[in-house]
Amino acid sequence: MTQTVARSRGDAVRTLVNAVGWDLRLQLRHQIVTVAVLVTVAYGIGLRLIPEGWRVDVTVVLVLSDPTMIGFLFVGALVLFERGAGTLNAVVVTPLTPALYVWAKAVSLTAISVLCALTMTVIGHGRDFRPAPLIAAVVLTSMLFVFIGIAAVVRVRTLNEYLVVVPVFLVPLYLPLLGFLGLGGSALYYPLPTQASLLLIERSLETRPAWEAFYSIGLLAISTAAAYFWAVRSFRAYVRGSVKAA
């Protein structure tokens, strides 16, 4: 029994690794990685050119609005491409379960997000930042956006429809930027996971209270886990048709 479970887990890991490799090759073929890196290099050079007193605030806004968003923007195009090519229909009869499919997209796109966030910050700040809070913020926020993106894109048939539903999810999630810019009471934004993202990114660039780290990691982890289960259930409902619509 124990050997059977171990073999099953080993097969799942190999399937996930193969799926991540396939997704990365697909993203390279469609120049997603190239475009993302070029844009973040341009942002990093721009950070170097602005006054030092503005650099931290601008970096926080840019990291939240660009590298962490890569997954949400591109997962829609990738899933729709696979649907158009008939790949999603083939997935149903492969060992790639809905959970592994969702994880493969999250891992591959989050790897690009981390690469871009680190590239932008290193160019803009040199070694004058702490990588751990930055990586934690980008990993958890990027996965959150990828999972939400999958839950959204499996409900539509075209890229135009996906772009229409994007604001429904993005507007509430980006409200904390108003608080960061001094608009409204900041306490109102603390229930939103992107408020936690902002605080973690700030923590990588300047000293912040310790409680913010516990709050940020906790809220982002819970939000990302909830988004993951929503994405898997949505995939089963709208692609496999095996459960009721989530």
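Buried means under 20% relative accessible area, exposed over 50%, and partly exposed in between, computed with a 1.4 Å probe on protein chains only. The views below show a predicted model, in which local features need pLDDT of at least 70 and side-chain atom pairs count only at pLDDT 80 or more, while totals for chains, interfaces and linings use all residues. Residues are numbered from 1 along each chain as its sequence is written, and side-chain values use heavy atoms, with hydrogens and water left out.

**View 1. Confidence across the protein.** The predictor's confidence in each residue, pLDDT, runs from 0 to 100. Its mean for the protein is 86, and 93% of the residues reach 70 or more. Helices (H or I, at least four residues) and strands (E, at least two) are DSSP runs, numbered from the N terminus. Among these elements, the highest mean pLDDT, 95, belongs to helix H7 (residues 131-153), and the lowest, 73, to helix H5 (residues 87-91).

**View 2. Lys105 and Asp23.** A salt bridge is defined here as a side-chain nitrogen of Lys or Arg within 4 Å of a carboxyl oxygen of Asp or Glu. Side chains of opposite charge can pair when their charged atoms come close. The closest N and O atoms of Lys105 and Asp23 are 2.9 Å apart, and the two residues form a salt bridge. Because Lys105 lies in helix H6 (residues 98-125) and Asp23 in helix H1 (residues 2-29), the pair ties together parts that are 82 residues apart in sequence. Lys105 is buried, at 1% relative accessible area, and Asp23 is also buried, at 2%.

**View 3. Lys105 and Glu82.** Lys105 also meets the side chain of Glu82 in a salt bridge, with an N to O distance of 3.1 Å. This pair links distant parts of the chain, 23 residues apart, with Lys105 in helix H6 and Glu82 in helix H4 (residues 70-85). Glu82 is buried, with a relative accessible area of 3%.

**View 4. Helix H6.** The 28 residues of H6 reach 40 Å from the first C-alpha to the last, close to the expected 40 Å; the expected span is 1.5 Å times one less than the number of residues. Of these 28 residues, 20 are buried, so H6 is largely enclosed by the rest of the structure. Gly126 follows H6 and has a positive phi, near 65°.

**View 5. A network of salt bridges.** Glu202, Glu206, Arg208 and Glu212 are linked in this network. Glu212 is buried at 5% relative accessibility, whereas Arg208 is partly exposed at 23%.
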